[in-house]
Amino acid sequence: MPPSKTRALVTGAGAGLGRVVALELAKRGCTVALVDIDERALQATSALLRELDATSLSIRVDLTAESAAKDVLEQVAKSWGGVDILINNAAFGGIQPFFEMTVTFWQKTLAINVTALAMLTAAAGEIMKRQGSGRIVNITSPASRMAIPNYAAYSASKAAVDSITRASAIALAPFGVTVNSVAPGMMDTEMQRITEADLARIEGRNDIDAFLAERTRRVPLGRRAEIREVAATVLWLAIDAPSYVTAERLNVSGGLDRD
Ligand SMILES: NC(=O)c1ccc[n+]([C@@H]2O[C@H](COP(=O)([O-])OP(=O)(O)OC[C@H]3O[C@@H](n4cnc5c(N)ncnc54)[C@H](O)[C@@H]3O)[C@@H](O)[C@H]2O)c1
């Protein structure tokens, strides 16, 4: 029996962009599996979905654990019989001075931003292959194409996301499954607040407001991104885009990334 509702899974659904994407998917009638490492944040998102009378499933898990991706997809498939949309959004955006880089920090960054994303794509891809349909949207960053020494691990991790997007789009194309990515500009989320505060400290900038304003001025449109603008782009790729769009990277960065 075909599912009556589109089944979506959002990683990092407890906060920031992931929470808004989960809410927007619910508003479009999807059932949404909310995945996050932070229990309280998950509960808060789940409560917001309840207010919309949406069906959701909360899965608290550290996505960097060995079998996390498989376990999560198994749980969703068991509950709802499959999965139609995967939003690979969870990430760690840490700053570390270039000449003080550590193996632990790189591993922490790559484990969630790259390895977990790849494993989730493969696990969801297996199910979508069998269904003959599905859409995967990865969240990348303009940083993937910038040279930011104190942000090297994060930037490299997002370059890897771009690579995985292309490879998985090709792997899944024969099965009617699309894989695309969205590159958001600066959104004022918790991750961004911590990242910019750390960056200011490392660069010896004591006037944080001046530092933030300077960074905002670099955006050709002259302002930061609203989370809902980025979420709308994710929703477009996940639901509305023609099914011929795959292996694409969509910039939502106010002109910051022009490639
Ligand atoms: N905020 C920005 O300006 C900006 C800009 C470009 C790209 N991005 C990207 O957008 C996406 C969302 O960013 P955000 O700013 O909303 O971040 P955020 O930190 O506000 O939210 C990320 C969520 O992911 C969860 N998470 C982190 N590690 C996890 C793990 N190991 N297992 C399960 N969940 C985990 C966190 O608990 C959190 O709820 C990320 O991929 C980020 O790299 C953000």
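Predicted model: local features only at pLDDT ≥ 70, side-chain atom pairs only at ≥ 80, totals over all residues.
Local features need pLDDT of at least 70 and side-chain atom pairs count only at pLDDT 80 or more, while totals for chains, interfaces and linings use all residues, and side-chain values use heavy atoms, with hydrogens and water left out.

**The whole protein**

Begin with a cartoon view, in which you can look for 8 helices and 7 strands; these are DSSP runs numbered from the N terminus, with helices (H or I) of at least four residues and strands (E) of at least two. The C-alpha atoms fill a box of roughly 60 × 40 × 35 Å along the principal axes. The radius of gyration is 18 Å, which agrees with the value near 18 Å that a compact globule of 259 residues would have, where the radius is taken over C-alpha atoms and the globule rule is 2.2 Å times the number of residues to the power 0.38.

If you then colour by accessibility, 49% of the 259 residues count as buried, where buried means under 20% relative accessible area, exposed over 50% and partly exposed in between, with a 1.4 Å probe and protein chains only.

**Two loops with positive phi**

Select Asp 53, in the loop between α2 (39-51) and β3 (56-60), where phi is near 60°, a positive value in a residue other than glycine. Asp 53 is exposed, with a relative accessible area of 71%.

Next select Ala 247, in the loop between α8 (227-240) and β7 (249-252), which has a positive phi of about 65° although it is not a glycine. Ala 247 is partly exposed, at 32% relative accessible area.

**Aromatic pairs**

A search of the whole structure finds 3 aromatic pairs, meaning rings of Phe, Tyr and Trp (its six-membered ring) with centres within 6.5 Å, called stacked if the planes are under 30 degrees apart, edge-to-face if over 60 and tilted otherwise. One of them joins Phe 92 and Phe 105, whose ring centres are 5.7 Å apart with planes at 70°, so the pair is edge-to-face. Phe 92 lies in the loop between β4 (85-88) and α4 (103-131) and Phe 105 in helix α4, so the pair ties together parts that are 13 residues apart in sequence. Phe 92 is partly exposed at 22% relative accessibility, whereas Phe 105 is buried at 14%.

Finally, select Phe 98 and Phe 99, whose ring centres are 5.2 Å apart with planes at 85°, so this pair is edge-to-face. Phe 98 is partly exposed at 36%, and Phe 99 is exposed at 81%.

Conventions
Residues numbered from 1 in each chain as written.
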